[in-house]
Amino acid sequence: MIEESLHAVQQRMADAMARAGRVDTAILVAVTKNHPVSAIEEISGLGVTHVGENRVQEAKEKQMLYKGPRLTWHLIGHLQVNKVRQAVPMFDLIHSVDSRKLLDEIEKVAAKHDKVQDILLQVNIAREESKSGMSVEEFPDIRDYAKTLPHVRVRGMMCIAPFFDDPEEARPIFRVAHALYEDMKRYFEEGQIQYLSMGMTHDFEVALEEGANIVRVGTAIFGERVYY
Ligand SMILES: *Cc1c(COP(=O)(O)O)cnc(C)c1O
């Protein structure tokens, strides 16, 4: 069941990349929030090595229980300052950094762990009130500030498009995100900015056509999440 859905998603990803004439690769982050650790073990048994979680506490419990090959753990949900202490040692890439305050806390905790924390800057391109992420106006200031922190390494950008019935409507937003991402490269060392994380179950094909190289997909692989 999960196997078939996974293969369908991978095929759709490949088709979208081909449509866009892309010859690079895109990472599939399997979003396992609200699914048990057995789902993580199953997906890792199918060769997926990137998993995404939304909440630090939930991820922590699963990381303790998880048995299987080494995974790359992505924190994709909003991160509260008071959760940074737990999050830094747990995650390879934090997608949802959107303020100086959060950067300061990550710097402090990462220094303590002697770690350089890879992060993405989350930008709220569509200015949705309900979504986290910095505004496009705040972006240059936060980007430049992040550069000064020795234990934080910005690797790119993340964005979440609003939900549209027709995912085509998200295309202009992804296009703006891609332009910002490309522009961002010149402010950092060569090769440092590598990831543009955008696209979910509903819109990942459009995101890939517009240059995403990380997509975060849950429902299309695991089915609907059950919230208790
Ligand atoms: C839940 C979530 C996803 C995955 O959503 P699906 O629609 O189930 O694919 C991706 N990104 C973020 C930030 C999420 O919170």
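Which residue lies over the face of Tyr-187? Select Arg-143: it lies over that ring face, at 3.5 Å from the ring centre. Keep in mind throughout that this is a predicted model.

**Stop 1: Arg-143 and its partners**

Stay on Arg-143. This residue is buried, with a relative accessible area of 5%. Asp-144 and Arg-143 form a salt bridge, with the closest N and O atoms 3.0 Å apart. Asp-144 counts as partly exposed, at 34% relative accessibility.

Next, select Arg-100 and Tyr-145. Here the charged end of Arg-100 sits over the ring of Tyr-145, 4.2 Å from the ring centre.

**Stop 2: Lys-33**

Go to the loop between β1 (27-31) and α2 (37-45), where Lys-33 is found. The UniProt record, an unreviewed entry, places the feature "modified residue: N6-(pyridoxal phosphate)lysine" at Lys-33. Is Lys-33 buried or exposed? Lys-33 counts as buried because its relative accessibility is 15%, and the cut-off for buried is under 20%.

Look for a charge partner. Lys-33 has no salt bridge. The nearest side chain of opposite charge is Glu-53, 8.8 Å away. Then show the contacts. Leaving aside neighbours within four places in sequence, Lys-33 is in contact with Gly-52, Glu-53, Asn-54, Glu-58, Lys-62, Arg-225 and Tyr-227.

Check its backbone: phi is positive, about 65°, although Asn-34 is not a glycine. Most residues other than glycine have a negative phi.

**Stop 3: Asn-54 and Glu-58**

From the contact list of Lys-33, pick Asn-54. Asn-54 lies in the loop between β2 (50-53) and α3 (56-65). At 24% relative accessibility, Asn-54 counts as partly exposed. Not counting residues up to four places away in sequence, Asn-54 touches Lys-33, Leu-75, Ile-76, Gly-77 and His-78. Draw a distance to Gly-77. The two C-alpha atoms are separated by 4.0 Å, although Asn-54 and Gly-77 are 23 residues apart along the chain.

Glu-58 is another contact of Lys-33. Glu-58 is buried, with a relative accessible area of 13%. Its side chain meets that of Arg-55 in a salt bridge (3.0 Å, N to O). Arg-55 counts as partly exposed, at 48% relative accessibility.

**Stop 4: the aromatic pair**

How many aromatic pairs does the structure hold? It holds 1. Select Tyr-66 and Trp-73: their ring centres are 6.3 Å apart and their planes are at 85°, so the pair is edge-to-face. Tyr-66 is buried, at 13% relative accessible area. Trp-73 counts as buried too, at 7%.

**Stop 5: a loop residue with positive phi**

Jump to Arg-127, in the loop between β5 (117-122) and α6 (139-147). Its phi is near 55°, a positive value in a residue other than glycine. At 52% relative accessibility, Arg-127 counts as exposed.

**Stop 6: a salt-bridge network**

The structure holds 20 salt bridges. Finish with the pair of Glu-209 and Arg-171, whose closest N and O atoms are 2.6 Å apart. Glu-209 lies in helix α8 (residues 204-209) and Arg-171 in helix α7 (residues 171-184), so the pair ties together parts that are 38 residues apart in sequence. Arg-171 is buried, with a relative accessible area of 14%. Glu-209 counts as partly exposed, at 23%.

Now widen the selection. Arg-19, Glu-168, Arg-171, Arg-175, Glu-209 and Glu-210 are linked in a network of salt bridges.

Methods
Residues are numbered from 1 along each chain as its sequence is written. This is a predicted model: local features need pLDDT of at least 70, side-chain atom pairs count only at pLDDT 80 or more; totals for chains, interfaces and linings use all residues. Side-chain values use heavy atoms; hydrogens and water are left out. Helices (H or I, at least four residues) and strands (E, at least two) are DSSP runs, numbered from the N terminus. Buried means under 20% relative accessible area, exposed over 50%, partly exposed in between (1.4 Å probe, protein chains only). Lys and Arg count as positive and Asp and Glu as negative; His and the chain ends are not counted. A salt bridge is a side-chain nitrogen of Lys or Arg within 4 Å of a carboxyl oxygen of Asp or Glu. Contact means heavy atoms within 4.5 Å. Rings of Phe, Tyr and Trp (its six-membered ring) pair if their centres lie within 6.5 Å; planes under 30 degrees apart count as stacked, over 60 as edge-to-face and the rest as tilted. A charge sits over a ring if NZ of Lys or CZ of Arg is within 6 Å of the ring centre and within 35 degrees of the ring normal. UniProt positions are given in the numbering used here, feature names are shortened, and annotations may be inferred rather than shown by experiment.
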